[in-house]
Amino acid sequence: MNTETSQVGGPVAQVVDDDRGHTLVAASTADDVTADGDGKIGAAKGVGKLVGQRALDAGITLLDTGDFYGMGHNELLIRRALGDGKRKHAFISVKFGALRGPDNSWGGFDGRPQAVKNFLAYTLKRLDTDYIDLYRPARLDPDVPIEDTIGAIADMVKAGYVRHIGLSEVGADTIRRAHAVHPIADLQIEYSLMSRGIEASILPTARELGISITAYGILSRGLLSGHVPNANAKGDIRTLRMPRFQGNNLARNLELVDTLRQLGTRLNATAAQLAIAWVKSRGDDIVPLIGARRRAQLYEALQALNLQLDEAALAQIDAAVPTGRVAGTRYAAAQLAHLDSER
Ligand SMILES: NC(=O)c1ccc[n+]([C@@H]2O[C@H](COP(=O)([O-])OP(=O)(O)OC[C@H]3O[C@@H](n4cnc5c(N)ncnc54)[C@H](OP(=O)(O)O)[C@@H]3O)[C@@H](O)[C@H]2O)c1
């Protein structure tokens, strides 16, 4: 995806050139998130309008999901949000490949060509659409060459079911190999004030190849907003599995957030808004993925896109959360071991 910044009717938004001139800011659509159920956190079952619908109403047109979020339920919610002829205004990005069980368990990843077509067939049916704007494997399947997985999606592009191909959480070598099979439009990967790992080789590689970045975890799973889950919150994957939310690490990280919050008071913004604005400032080729689960969070995040921050302010934000002082890794060691992006 080629991106440029533009002011379109309200929020300053990332505009993605998807051949139809759409206005895009990424919004995740975690309306149906269940505790520990889908890699995201907590519960916000659709009361009233769906977050996805509100995002569309607010001028956001990029909706990001995974077919394994709620085992297809999140796609069904997006289908509802896309009613009333809204499909043509939306850019839908879907991750696939994660295997689930009826007990919410995880069973690895499947990137085999026949699995790609199977996953896609079900997604198209659930979303009630003829095509997916951007389709990507959620993780590298260690048993399947990336060339085979991308080749299968490329077949689906030729057949008209997919418009663009993306990747998620892969490293520079895999990006190059995939791009050699079919142009890769976008890489989804964690990037925030607290997780800057991509700056070493992944981001330069993406830029060299003209691949945009959909940055997720821009609030480090909410940590950068200062709102952390109750230590006793049942089933919250942050306290259960994420080192940054545990023990002394949490206390140390909250000190950094406090510095950010104090800076926000001077800059007339919340800590979360500064964290979002920082990601956005890193380049027009970076689309911040807003992990909003509630209306207030969505609107707070959208306001961050209107913040006018000069170089000095951005440098102060940068300095408030020095990477060397962030305590704990972004995932637990067992999960990091599965990430191609961490090799
Ligand atoms: N490709 C991948 O491997 C991958 C992996 C994980 C996620 N993702 C995608 O990225 C999206 C976002 O990631 P994420 O949810 O893990 O990380 P995130 O955006 O860093 O954090 C989202 C959390 O921050 C809190 N939050 C959001 N807006 C806020 C606001 N304005 N003020 C205060 N707190 C706010 C919420 O927590 P509370 O509800 O507790 O307040 C929310 O659950 C996901 O929905 C998913 O689509 C992709």
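Entry 1, helix H6. I began with H6 in this predicted model, and found that the buried residues of this helix, which spans residues 202-209, are Ile 202, Leu 203 and Ala 206. Viewed down the axis of H6, these buried residues fall within an arc of 95 degrees, so they line one face of the helix. On the other side of H6 I noted Pro 204 and Glu 208, which are exposed. I then looked up what the buried residues of H6 pack against, and listed helix H5 (172-181), strand E11 (184-190) and strand E12 (212-216). After H6 comes Gly 210, and I wrote down its phi as positive, near 75 degrees.

I counted 12 helices and 13 strands in the protein, and of its 343 residues 47% count as buried. For contacts with a separation of 6 or more, I noted that residues 24 or more positions apart account for 72%.

The largest nonpolar core here has 86 residues, and the members that touch the most others are Ala 215, Leu 224 and Ala 275. Helix H9 (residues 271-281) gives the most to this core, with 8 residues. I followed up Ala 275 and, leaving aside its neighbours within four places in sequence, found it in contact with Ser 192, Leu 193, Ile 218, Leu 219, Leu 224 and Leu 260.

At what angle do H3 and H4 pack? I recorded about 45 degrees for helix H3 (residues 113-127) and helix H4 (residues 146-158), with their axes 8 Å apart. The two helices are therefore oblique to each other. The contact is made by Pro 113, Val 116, Lys 117 and Leu 120 on the H3 side, and by Asp 148, Thr 149, Gly 151, Ala 152, Ile 153 and Met 156 on the H4 side. I also noted that H3 passes H4 in a right-handed crossing.

I looked up Asp 318, which lies in helix H11 (residues 311-320). Is Asp 318 buried or partly exposed? I wrote down partly exposed, because Asp 318 has 15 C-beta neighbours inside 10 Å, whereas a buried residue needs 20 or more. Lastly I noted that Asp 318 and Met 194 are 124 residues apart along the chain, with their C-alpha atoms separated by 9.8 Å.

Conventions: Residues numbered from 1 in each chain as written. Predicted model: local features only at pLDDT ≥ 70, side-chain atom pairs only at ≥ 80, totals over all residues. Buried ≥ 20, exposed ≤ 12 C-beta atoms within 10 Å, placed from the backbone. Helix = DSSP H or I, 4+ residues; strand = E, 2+ residues; numbered from the N terminus. Arc of directions from axis to C-beta. Contact = placed C-beta atoms within 7 Å. Core = buried A, V, L, I, M, F, W, Y, C linked by C-beta atoms within 7 Å. Axes fitted to C-alpha atoms, helices over the stretch in contact; angles between N-to-C directions. Parallel < 35°, antiparallel > 145°, perpendicular 65-115°, else oblique. Left-handed = near helix turned anticlockwise from the far one by under 90°.
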